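Here is a short briefing for a first look at a protein model. Keep the structure open as you read.

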Amino acid sequence: MSEDRRAFFRALVRSAAGEAAAPAPPAGLGDEEVERYSRQLVLPEWSELSQLALRDASVLVIGAGALGSPVAAYLAGAGVGRLGIVDDDAVELSNLPRQTLHFTPDLGAPKAESAAAKLRFLNPEIVVEPYQARFAPAMLEGADLVVDCSDSFATRYEVNAACCAARTPLVEGGVIGLSGLVMAIRPGESACYRCAFPEAPPPGAAPTCAEAGVLGPAAGVIGSLQALEALKLLAGLDGALLDAFLQVDLHDHAFLRVAVRRRADCPDCGPAYD
Ligand SMILES: [Zn+2]
């Protein structure tokens with residue numbers, strides 16, 4: 001980008017933030033960052049402070065599969081300063097139609113490492129830390145936000161409980177077939193996943209993606225919505241899916257926002273919590 005164009009974006013960023021155009025560079029943002037993030041910096045909803053908040057943020061993405069791929073790619077692209085990628089699986093041939101951070105030459109490679117390699121190509125300015133392991137609550141140390149892209153109810157409830165205990169904001173998501181769900185959670189302030197869904201379905205009642213199937217773009221939609229919610233929470237934007245979950249049916253593009261409330265008897269975020 002030319003100096004002129006860079007100056008143009010700086011002026012645009014300032015005018016979008018309601019500031020007078022001044023010769024001083026934005027505090028903390030370098031020229032390359034202004035250029036890289038220019039299309040989000042000019043948004044009326046965004047600001048230099050939003051971008052700096054992202055750069056200072058540490059986000060843990062649990063699962064580097066169909067949801068984790070778009071989530072991690074969008075968060076890396078947007079400039080989240082540190083991304084932890086948790087996955088204990090290896091790349092399989094049947095993953096490739098929807099797990100967009102993995103390519104055919106990656107077959108057999110650990111998903112966390114495969115994902116991290118692509119994310120570093122996407123944005124070398126950030127730190128990407130792969131964890132080839134199952135989720136453990138100790139991983140929340142230092143995390144400002146968690147995005148749960150796991151594919152099992154057991155992990156989802158484990159992550160919810162751990163995030164509530166650590167008071168770490170969480171974005172939940174799930175997809176199967178052409179349907180999915182997204183929910184944002186600020187523990188102690190908004191309903192948690194267990195407030196919305198007190199009991200996991202009994203074993204065998206909820207089919208897995210291996211049994212029921214899933215279409216790649218459906219996972220892409222849900223993962224993109226999770227990334228959007230994560231950015232809203234990190235940058236303090238309005239409209240996050242707090243005290244609500246979004247039920248998405250992509251057969252007919254029905255998006256239903258379902259209001260939920262904190263439950264006084266919730267074992268994860270209930271009375272013992274406060
Ligand atoms: Zn709860």
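Which residue just after helix 10 takes a positive phi? Gly236 does, with a phi of about 70 degrees. Keep in mind that this is a predicted model.

**The zinc site**

- Four cysteines coordinate the zinc ion through their SG atoms: Cys192, Cys195, Cys266 and Cys269.
- They sit at 2.2 to 2.3 Å from the zinc ion.
- The angles among the 4 donor atoms run from 94 to 118 degrees, and the site is tetrahedral.
- Four donors count as tetrahedral if all angles lie between 85 and 135 degrees, so the zinc site meets that test.
- For comparison, the ideal angle for four tetrahedral donors is 109.5 degrees.
- Along the chain, the donors follow the spacing C-x2-C-x70-C-x2-C.
- Cys195 lies in helix 8 (residues 193-196), while Cys266 lies in the segment after strand 8 (254-259), so this pair ties together parts that are 71 residues apart in sequence.
- Cys195 counts as buried because its relative accessibility is 2%.
- Cys266 counts as buried too, at 5% relative accessibility.

- Helix 10 covers residues 216-235, which is 20 residues.
- At 1.5 Å a residue, helix 10 should span 28 Å.
- Helix 5 (residues 68-78) meets helix 10 with axes that come within 8 Å and cross at roughly 40 degrees.
- That angle makes helix 5 oblique to helix 10.
- The crossing of helix 5 past helix 10 is right-handed.

- Where is Leu246 found? Leu246 is in strand 7 (residues 244-249).
- Leu246 is buried, with a relative accessible area of 12%.
- Leu246 and Val258 are 12 residues apart in sequence, and their C-alpha atoms are 6.2 Å apart in space.
- Val80 has its place in the loop between helix 5 and strand 2 (82-86).
- Is Val80 buried or exposed? Val80 counts as buried, because its relative accessibility is 0%.
- Val80 and Gln51 are 29 residues apart in sequence, yet 8.5 Å apart in space, C-alpha to C-alpha.

Notes: Residues numbered from 1 in each chain as written. Predicted model: local features only at pLDDT ≥ 70, side-chain atom pairs only at ≥ 80, totals over all residues. Heavy atoms only, no water. Donors = N, O, S within 2.8 Å, 3.2 Å for Na, K, Ca; no water. Tetrahedral: all angles 85-135°; square planar, octahedral: opposite > 155°, others 65-115°. Helix = DSSP H or I, 4+ residues; strand = E, 2+ residues; numbered from the N terminus. Buried < 20%, exposed > 50% of the residue type's maximum accessible area, 1.4 Å probe, protein only. Expected span 1.5 Å × (residues − 1). Axes fitted to C-alpha atoms, helices over the stretch in contact; angles between N-to-C directions. Parallel < 35°, antiparallel > 145°, perpendicular 65-115°, else oblique. Left-handed = near helix turned anticlockwise from the far one by under 90°.
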